[in-house]
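Work through the exercises below with the coordinates open, and try each task before reading its solution.

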Amino acid sequence: MTCRSQLSAWLCLISFGLLSLFSTGCGASGGGLMAGVGVADITGPAGEVPMMGYAKASQKTAGIHIRLFARAFVFRDRFGATVAYVNVDAAMVSQMVKLRVLEILKKKFGNTYTEKNVLLSAIHTHSGPGGFHGYTLYAISTLGYMSDTFEAFSNGIASSIEQAHLSLRPARLFYNEGELNDSSVSRSPSSYLLNPAAERARYSGDVDRTMQLLKLVDGSTGEPFGMLNWFPVHCTSLNNTNQMISGDNKGWAAQLFERYMSRGAQLPGKQKFVAAFSNANEGDVSPNTAGPRCIDTGEPCDILTSTCGGRTQKCVAFGPGRDMMDSARIIGQRQFNKALSLFQSATREVQVDSISVVHQNVDMTNYELTVSGKRVRTCKPAMGFSFAAGTTDGPGGFDFTQGDTSGNLFWNIVRSVLSKPSAEQVDCQKPKPILLNTGYMSFPTQWQPSVVETQLVRIGPLTLVALPGEFTTMSGRRVRDAVRAALEQNGMPDGTVILAGLSNLYSSYIATYEEYQAQRYEAASTIYGPHTLSAYVDQFGKLARALATNASVDSGPPVPNLYNKIKSYSFITPIVYDSVGIGRNFGDVVTQPKVAYRPGDTVSASFRTGHPRNNMMLGGSFMMVQRKNSSGDWEEICNDACVETRFRWQRTNALLGHSLAHLDWDIPSCARPGTYRLLHTGWYKPVLLWQKPRQFSGATREFQVKSSSARQATGQVRDVINDMFGSGCN
């Protein structure tokens with residue numbers, strides 16, 4: 001994606017001259033760099049849709065804690081080479097979603113955006129709706145395909161890129177990095193210790209604690225307009241009992257940063273400044289810093305199997321807070337604090353002379369390479385017994401345990417009914433005892449991917465590695481080292497390598513060869529066998545050499561588009577109708593708030609409502625906090641995207657179609673005294689089936705928020721916002 005021939009070089013110079021003519025300050029913007037940002041709501045269905053992440057079908061959406069967003073960053077060099085990076089508030093990105101995003105972009109921008117120069121990276125929240133995967137294994141726990149989720153994700157991601165494209169401006173980039181030491185722990189420390197001692201001695205700990213950050217500054221005005229960082233940690237502060245959609249700790253951090261930069265003047269999703277908290281090599285990294293313990297005795301769990309008395313379900317990891325919501329806030333605030341410090345002290349300017357991309361699809365089921373003088377290869381996908389045990393962040397069911405290298409007779413019989421692995425597959429995957437022989441299962445679609453996207457993006461001296469799954473700490477380090485070494489050996493020294501986790505598709509976990517031998521959860525979920533990481537290290541090394549030498553690579557085999565196959569398989573209960581009963585109306589207040597509150601209190605109210613899947617309210621809100629101004633008009637202070645609000649949906653009678661909406665607002669200590677109310681908006685589906693859903697709204701009675709001087713705020717959400725904005729946060 002650079003100008004190679006003399007003719008194209010002249011065209012590039014001419015186009016850059018025209019660009020400079022019409023763009024003031026372009027000469028001072030890091031060598032002609034243009035950048036733009038965009039954000040779009042991708043929250044999806046907030047009622048009765050299984051969540052994606054913990055593989056627990058009974059964990060279904062029932063409201064909103066924080067809305068989900070796609071945050072896009074588009075970069076263009078002086079030659080016209082363009083790349084789009086999108087941080088997606090989702091568990092992961094599916095190939096099916098990326099293909100749909102590219103279809104939408106092609107209609108708007110022609111061939112400007114392709115699979116080669118679009119990088120989609122997920123934060124890995126486990127509290128978002130499922131139903132957007134084409135591969136069967138990732139669709140089973142979400143009861144198949146869900147059009148609302150798929151369309152919300154695809155359209156929202158494409159919209160964020162469009163916004164970023166249309167907001168391109170002369171820009172300057174600044175880089176910074178620093179250590180964040182109190183927000184992550186290893187959830188498989190015994191596996192990490194199996195890596196060579198000499199290798200471990202190079203690092204200070206068993207998780208990476210470096211946050212890498214980019215600051216985007218307008219080249220004409222000098223005003224910051226974007227921030228992008230990478231820090232490895234699971235978004236599992238909220239456990240598998242949570243039913244409210246949320247961006248978890250990274251969603252918390254992103255909202256705090258964006259609201260800080262607007263000083264609270266803009267609501268979430270409406271802000272001009274865009275802040276993204278991306279993931280990296282988080283495969284074995286937990287935010288639950290208090291560690292795992294036995295919930296029945298309080299004693300530490302068995303370190304090798306993560307069990308208590310032989311039971312996986314009793315070993316649970318805990319975060320630093322009073323409960324999971326508080327833990328998400330604390331870990332989010334710590335990421336926000338570190339990012340803000342790095343952002344404010346970022347002085348190392350990134351000189352972007354050019355942007356380049358190298359991309360190749362690879363068949364990961366038969367990748368051959370030489371390791372320690374021996375010819376080895378990868379395998380067709382398979383999941384081990386310990387996969388079903390889950391992790392200390394979210395234990396699985398039945399009698400599975402982590403570290404299982406033998407399996408058991410009963411589950412071997414069950415497995416063989418689905419697909420009995422051949423002797424060759426067993427030998428290829430050993431010491432993994434195969435529970436699901438997914439590489440040989442194809443109904444209704446392939447169960448796991450065979451063809452995987454690999455991609456490197458270079459923006460000046462920065463190289464982004466698109467990791468196509470969940471790489472453990474040491475796995476990510478080896479990939480980073482391989483890319484850095486290949487670049488340096490081919491004339492690109494002094495560069496910075498950044499790992500972008502869960503990018504473009506999902507291929508489960510990637511553990512090191514040594515970690516694979518222990519067969520804990522991450523290893524059991526390393527689907528292409530013990531040499532999976534070695535294959536990725538080799539592949540990314542090849543791409544880095546091609547990037548450094550400006551060599552072309554073939555595109556590789558095409559990725560399958562499974563949309564037409566999977567869309568017919570949806571087992572999520574449809575909405576038949578909504579009702580409230582005779583003499584009642586949608587929007588009626590069932591429980592009114594009190595007459596008066598003070599900062600630090602929580603305002604609560606309940607309404608008769610319809611099913612939230614009638615309208616996802618994308619770009620809108622199911623709830624608003626409103627304050628009466630001096631003219632007597634109601635002003636929106638916050639909505640269901642804000643961290644200090646909660647919209648909880650409850651189906652009270654499935655047969656009659658009755659539902660309640662519970663709204664909560666934690667009053668910040670900086671809230672202005674005055675008259676307030678809560679407003680609920682929704683849609684209901686009439687009993688007459690041919691009628692379309694109809695909108696309704698309802699408001700509580702007025703209530704007073706009194707001066708904060710009479711009471712000290714209780715901390716938590718209120719103090720976070722107060723610390724950010726000072727007095728007058730709304």
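## Exercises on pockets, rings and a helix

About 530 Å³ of space lies in the second largest pocket of this predicted model.

**Exercise 1.** Determine which residues lie closest to the centre of the second largest pocket, and which element gives the largest share of its lining.

*Solution.* Begin with the lining, which consists of 20 residues, and note that K374, V376, Y513, P530 and H531 are the closest to the centre. Next, assign the lining to secondary structure: strand 19 (374-377), helix 10 (423-429), helix 12 (513-516) and helix 14 (532-549) each give two or more residues, and helix 14 provides the largest share, with four.

**Exercise 2.** Carry out the corresponding analysis for the largest pocket, and state how its lining divides into nonpolar, polar and charged residues.

*Solution.* The volume of the largest pocket is about 1000 Å³, and among its 42 lining residues Y54, A55, S141, F387 and A388 lie nearest the centre. Helix 9 gives the most to this lining, namely four residues, while the elements that supply at least two residues each also include helix 3 (136-140) and strand 23 (434-436). The division by class is 23 nonpolar, 14 polar and five charged.

**Exercise 3.** Classify the geometry of the aromatic pair F257 and F277, then that of F273 and F343, and locate each pair in the chain.

*Solution.* The structure holds 26 aromatic pairs. For F257 and F277 the centres are 6.2 Å apart and the planes make an angle of 65°; because edge-to-face requires over 60 degrees, this pair is edge-to-face. It connects helix 7 (residues 248-261), which holds F257, with strand 12 (residues 274-278), which holds F277, across 20 residues. F273 and F343 are likewise edge-to-face, at 5.9 Å and 80°; since F273 lies in the loop between helix 7 and strand 12 and F343 in helix 8 (residues 324-344), this pair ties together parts 70 residues apart in sequence. F257 and F277 are both buried, as are F273 and F343.

**Exercise 4.** Is helix 11 largely enclosed or largely open?

*Solution.* Helix 11 (residues 473-489) has 17 residues and spans 24 Å from its first C-alpha to its last, close to the expected 24 Å. Twelve of the 17 residues are buried, so helix 11 is largely enclosed by the rest of the structure; the buried residues include M474, V479 and L487. Helix 11 is followed by G491, whose phi is positive, near 90°.

Notes:
Residues are numbered from 1 along each chain as its sequence is written. This is a predicted model: local features need pLDDT of at least 70, side-chain atom pairs count only at pLDDT 80 or more; totals for chains, interfaces and linings use all residues. Side-chain values use heavy atoms; hydrogens and water are left out. Rings of Phe, Tyr and Trp (its six-membered ring) pair if their centres lie within 6.5 Å; planes under 30 degrees apart count as stacked, over 60 as edge-to-face and the rest as tilted. Buried means under 20% relative accessible area, exposed over 50%, partly exposed in between (1.4 Å probe, protein chains only). The expected span of a helix is 1.5 Å times one less than its number of residues. On a 1 Å grid over the protein atoms alone, a cavity is a set of points where a 1.4 Å probe fits but cannot get out, and a pocket is an open set with protein on both sides within 12 Å along at least five of seven lines; lining residues have an atom within 4 Å of a point. Grid points are joined across faces, edges and corners, and a volume is the space filled by probe spheres set on the points. Ala, Val, Leu, Ile, Met, Phe, Trp, Tyr, Cys and Pro count as nonpolar, Asp, Glu, Lys and Arg as charged, and the others, Gly among them, as polar.
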